[in-house]
Amino acid sequence: SVVDITIDIDDNKWIGTYNLGTVRFDGTNWLVYNDFTSGASKRAYCIAIDLNNITWAAIGLQQFTPGGSAFFNGTAWETFAGLPSNSVLYVDVDMQNNKWFCNSEFGLSKYNNGNWTNFTTANSKIPNNRVFAIAFDGAGNKWLATYGGGIAKFKGE
């Protein structure tokens, strides 16, 4: 089951699947990556490419196998530590190359140059800690799709 597709600056197609990891198609070859090196699940819900052409995946929890996030180091996928959730539903990158992770139960997480910031209902005005997706507008606002809280406009950094 294909759940996401994105294209990097080298025209590689990155495909996220529900239970087989990620697939890269370079125009000729199909390469399947289904080992996230740390035992993370093969459920790649969302894929994003950052401004340095690094591919990131949001990894969902799968039958007691933790998820989180991973990035492609050019050869293999490496699990990315620091997230409060072991089930990440969405990842995206803003114009400042910040990585934003939507967690299934722990709000929204931002990664910038080794620093993590987590936004939850306890420390921000996010209406629900289950954040499913994020989009950025031209004014720098973050638009969040939440469970039970509808759509929220997040102005924070």
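View 1. Across the protein the pLDDT averages 86, and 90% of the residues score at least 70. A tip for reading any such picture: where pLDDT is low, the predicted coordinates should not be read in detail.

**View 2. Four strands make an open sheet****.** Follow the strands across the sheet and you meet them in the order E1-E2-E3-E4, with antiparallel pairing. At the edges stand E1 (2–7) and E4 (30–33); each has a single partner strand, so one side of each is left without a neighbour in the sheet. From one strand to the next, the twist averages 20°.

**View 3. Strands E2 and E3 pair in the antiparallel sense****.** Here, E2 (residues 13–17) meets E3 (residues 22–25) over four bridges. In general, strands of a sheet pair through backbone hydrogen bonds.

**View 4. Serine 69 is a buried residue in strand E7****.** Strand E7 spans residues 68–72 and includes serine 69. Why does serine 69 count as buried? Its relative accessibility is 0%, and buried means under 20%. A polar atom of the serine 69 side chain lies 2.8 Å from the backbone oxygen of alanine 57. Beyond its neighbours within four places in sequence, serine 69 is in contact with several residues, including Trp56, Ile59, Phe80 and Phe101.

Note on methods. Residues numbered from 1 in each chain as written. Predicted model: local features only at pLDDT ≥ 70, side-chain atom pairs only at ≥ 80, totals over all residues. Heavy atoms only, no water. pLDDT = per-residue confidence, 0-100. Pairing = 2+ DSSP bridges. Helix = DSSP H or I, 4+ residues; strand = E, 2+ residues; numbered from the N terminus. Axes fitted to C-alpha atoms, helices over the stretch in contact; angles between N-to-C directions. Buried < 20%, exposed > 50% of the residue type's maximum accessible area, 1.4 Å probe, protein only. Polar contact = N/O pair within 3.5 Å; in protein donor to acceptor, adjacent residues only side chain to side chain. Contact = heavy atoms within 4.5 Å.
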